[in-house]
Amino acid sequence: MTALSIQNLKKTYGNGFEALKGVDLEVECGDFFALLGPNGAGKSTLIGIISSLVNKTSGKVRVFDHDLDTDRVAAKTCIGAVPQEINFNQFETCFSVVLNQAGYYGIPRKLAKQRTEQCLRQVELWDKRDTVSRRLSGGMKRRLMIARAMVHSPRLLILDEPTAGVDIEIRRSMWEMMQEVNKQGTTIILTTHYLEEAESLCRNIAIINNGEIVEKSAMHQLLGRMHTDHFVLDVGRSLTGAPAIAGYQIELVSERCLEVAVPKSLGLNRLFQELSARQIEVLSLRNKSNRLEQLFLDLVQ
Amino acid sequence: MNYSVAFSTILIKEIRRFTRIWPQTLLPPAITTALYFLIFGKLIGDRIGLVHGIRYMDYIVPGIILMSVISHSYSNVVSSFYSTKFQRHIEELLVAPVPNYVILSGYVCGGIARGVLVGLVVAAISMIFTDTRILHWDIVAAVFVLTATLFALAGFINAVFADSFDDISIIPNFILTPLSYLGGVFYSVEMLPGIWQKVAQGNPILYMINAFRYGMIGVSDVQIQIAFAMTAGFILLLASLSLYLLHKGIGIKN
Ligand SMILES: Nc1ncnc2c1ncn2[C@@H]1O[C@H](COP(=O)(O)OP(=O)(O)O)[C@@H](O)[C@H]1O
Ligand SMILES: [Mg+2]
């Protein structure tokens with residue numbers, strides 16, 4: 001069964017802006033799915049329509065075979081949504097934020113309290129249950145929204161840039177948590193503009209740009225198709241200019257730091273040989289952090 | 001699906017909200033009422049004498065109670081629902097399977113709860129200053145609740161259209177307060193000069209206050225059947241409009 005099935009979905013905002021231009025998308029049950037795209041691509045609009053926050057202009061959306069137009073209540077109970085912007089009542093305690101949401105889903109008070117405890121423990125906020133939510137750190141606020149989204153045990157969890165602006169340690173613990181949730185059988189859709197995030201978590205991916213899906217594939221296939229890797233090298237001596245090595249595009253970032261575009265066909269070994277022939281010792285090597293741009297360029301080529 | 005849990009969740013949340021901030025919600029009307037009685041009742045009232053055969057101080061009690069019900073049921077819903085929109089936690093309700101009528105009744109009942117509670121506080125204060133008794137409990141209770149319902153609905157509609165915090169104070173300041181004062185809280189329309197008596201009768205709040213006064217002390221400037229019909233009519237109208245606005249997602253959804 002498909003967890004999410006979208007056909008020819010269009011959205012034109014009130015000001016005439018066409019944010020989605022006919023999106024088709026299928027997400028299998030149990031998948032960990034990435035929706036990747038730069039700012040303004042239409043990710044939040046798409047998530048908003050699926051979670052009933054934005055009215056669509058046309059098209060079909062089905063969640064576990066429940067059509068949003070004809071069977072919205074059933075569809076809603078299947079979905080847990082974590083929005084991009086903080087949207088809980090900042091004057092309520094963490095406990096009430098989650099408990100109230102359970103109430104909106106019709107979960108009776110006693111069971112709702114148990115579920116609230118489970119979810120707050122799962123995101124490691126149980127200690128903060130009586131804290132007014134406004135006083136939480138940025139990472140905690142996001143985790144609170146995750147707990148709230150899971151309180152009715154949805155089969156599909158949708159997270160809109162859950163790790164934006166969250167520091168690396170918390171990001172990793174959130175990744176682990178999401179993987180755990182996925183392992184337990186919940187389908188997860190995650191939007192992000194970091195390829196790294198999608199790469200380390202997701203099995204399948206769609207790339208959206210300007211309101212259109214430009215790519216849909218399994219993650220490993222997509223990564224396999226990337227022609228070039230970008231690396232940053234720290235070198236052993238001061239350089240005055242970037243060395244010229246045929247086939248590689250090299251830029252001098254600073255005296256002792258180079259940025260190199262490495263075509264997969266050439267690989268790293270030859271680069272190292274060429275550099276040591278020029279008495280340039282490589283001290284360390286790392287992936288350039290945002291490879292999304294490059295991926296787009298590759299896809300467009 | 002059974003929506004009683006969703007409804008009671010909204011209602012409890014609404015009641016907690018205004019009781020949590022009781023120094024802003026329950027204390028001021030108590031103080032204002034005490035001042036009304038001191039100034040209008042004691043200092044000025046003694047010079048006015050009797051109205052419809054009733055001591056002035058006793059004559060103004062019903063109006064003062066109902067005026068606070070009106071302003072508090074209205075302001076509870078307008079400020080709560082507007083900040084729900086403004087802080088975006090309306091989205092918590094929109095993603096969940098809560099029908100619009102449940103959202104509306106949750107907020108409106110929250111406003112009624114505040115209006116009624118403030119009304120009771122004000123009534124208790126008036127007992128200190130006057131020897132008020134209630135002649136017709138049924139009429140008093142009905143007017144109390146219907147008025148609170150009507151103005152809670154009006155507050156809801158105001159919140160739907162509001163785009164800024166200014167927008168939620170314009171109607172209370174420029175429409176509700178003047179209409180309440182001109183609604184015969186402090187005088188009988190008979191005390192107005194000719195033409196103004198007619199003008200005053202175009203004010204719906206006048207009918208509610210007089211119906212309430214009739215329930216409490218047995219005197220009224222208007223026929224109370226008209227007051228009930230009018231209030232019920234307005235409630236139906238505003239409730240339909242609210243549901244329509246929610247259905248269209250006006251001010252809430254893109
Ligand atoms: N309420 C709105 N009215 C008009 N345009 C909007 C509105 N919300 C978003 N947009 C526009 O739609 C496009 C997609 O936005 P969004 O879905 O938020 O993108 P993303 O989440 O991928 O960054 C952007 O160009 C944005 O400016
Ligand atoms: Mg977004």
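**Chain contacts and ligand surroundings in a predicted model**

Across the interface of chain B and chain A, the rule finds 1 salt bridge, a salt bridge being a side-chain nitrogen of Lys or Arg within 4 Å of a carboxyl oxygen of Asp or Glu. This is a predicted model, in which local features need pLDDT of at least 70 and side-chain atom pairs count only at pLDDT 80 or more, while totals for chains, interfaces and linings use all residues. Residues are numbered from 1 along each chain as its sequence is written, chains are lettered from A and ligands numbered from 1 in the order in which they are written, and side-chain values use heavy atoms, with hydrogens and water left out.

The salt bridge joins the side chains of E92(B) and R148(A), at 2.7 Å from N to O. The interface of chain B and chain A also holds 8 residue pairs in polar contact, both residues at pLDDT 80 or more. A polar contact is a pair of N or O atoms within 3.5 Å; within protein, one must be able to donate a hydrogen and the other to accept it, and residues adjacent in sequence count only if both atoms are side-chain atoms. On the side of chain B that touches chain A, α1 (4–20) and α5 (90–95) of chain B each supply at least two residues. Helices are DSSP runs of H or I of at least four residues, and strands are runs of E of at least two, numbered from the N terminus. The most comes from α1(B), with 8 residues.

Contact, defined as heavy atoms within 4.5 Å, takes in 30 residues from chain A and 24 residues from chain B. The area buried between the two chains is about 2,500 Å², and carbon and sulfur atoms give 53% of it. Buried area is the accessible area (1.4 Å probe) that two parts lose on being put together, summed over both. E92(B), V95(B) and N254(B) supply 25% of the area that chain B buries against chain A, more than any other three residues.

Ligand 1 lies between chains A and B. Of the 13 residues around ligand 1, those that come nearest are G40(A), G42(A), K43(A), S44(A) and T45(A); a residue is counted if one of its heavy atoms lies within 4 Å. Helix α1 (residues 43–50) of chain A gives the largest share of this shell, 3 residues. A polar side-chain atom of Y13(A) is 3.5 Å from a nitrogen atom of the ligand. Taken alone, ligand 1 exposes 560 Å², of which the protein buries 69%, with accessible areas from the Shrake-Rupley method and a 1.4 Å probe; for residues, only the protein chains shown count as cover.

Over all chains, the structure holds 14 salt bridges.
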